[in-house]
Amino acid sequence: MAGKCSGLQARIKEQRKFAIFVQCTSHSLNLVGVQALGCISEAVAYFQFVQILLNFFSSLNNRRKILKECLGGQKVLKSLSETRWSARADAIYALHNGYNHIFEALLLIAKNTDQSAYTRKETQNIGKKWKNWRPLS
């Protein structure tokens, strides 16, 4: 967006030649965080699992409904974002605080014979991975 050749910076310079471009420090710090996280294989695996879990529950309305019922009034899983780290913090917070309830939702789906065999197997696979990600107390 801030490209010197054709981005917003260039368009503003066309209109006001004395305008000074100032890089957003928060954005730069976020980019550093993204790169640093990419160097830690455990963190990469963790966020991949969170994304798998999010995709599973958000792909069908009945799964989302089961999750919301199990969570009660607690926060539901949030989408991860590359550019907004606060979204990742919200996702981890919801996962940490709703750990047992989310696992309960997985069990309900896995045992529900109205679900397809594929869905039940997918749920079981997520449940096996789930055991690796116990939240710290």
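Buried residues are those under 20% relative accessible area, exposed ones are over 50%, and partly exposed ones lie in between (1.4 Å probe, protein chains only). The legends below describe a predicted model, in which local features need pLDDT of at least 70, side-chain atom pairs count only at pLDDT 80 or more, and totals for chains, interfaces and linings use all residues. Residues are numbered from 1 along each chain as its sequence is written, and side-chain values use heavy atoms, with hydrogens and water left out.

**View 1. Salt bridge between Glu 122 and Arg 63.** Side chains of opposite charge can pair when their charged atoms come close. A salt bridge here is a side-chain nitrogen of Lys or Arg within 4 Å of a carboxyl oxygen of Asp or Glu. The whole structure holds one salt bridge. Glu 122 and Arg 63 meet through their side chains at 3.9 Å, N to O. The pair links distant parts of the chain, 59 residues apart, with Glu 122 in helix H7 (residues 117-130) and Arg 63 in helix H4 (residues 61-71). Helices (H or I, at least four residues) and strands (E, at least two) are DSSP runs, numbered from the N terminus. Glu 122 is partly exposed, at 25% relative accessible area, whereas Arg 63 is buried at 5%.

View 2. Thr 119 is buried, with a relative accessible area of 6%. Its side chain makes a polar contact with the side chain of Arg 63 at 3.3 Å. A polar contact is a pair of N or O atoms within 3.5 Å; within protein, one must be able to donate a hydrogen and the other to accept it, and residues adjacent in sequence count only if both atoms are side-chain atoms. Leaving aside residues up to four places away in sequence, Thr 119 touches Phe 56, Arg 63 and Ile 109, where contact means heavy atoms within 4.5 Å.

**View 3. Aromatic cluster of Phe 49, Tyr 99, Phe 103 and Trp 130.** Rings of Phe, Tyr and Trp (its six-membered ring) pair if their centres lie within 6.5 Å; planes under 30 degrees apart count as stacked, over 60 as edge-to-face and the rest as tilted. The count comes to five aromatic pairs. One of them, Phe 49 with Trp 130, is tilted, at 6.0 Å centre to centre and 55° between the planes. Phe 49 lies in helix H3 (residues 41-58) and Trp 130 in helix H7, 81 residues apart. Phe 49 is buried at 3% relative accessibility, and Trp 130 is buried at 2%. The ring centres of Phe 103 and Trp 130 are 6.2 Å apart with planes at 20°, so this pair is stacked.
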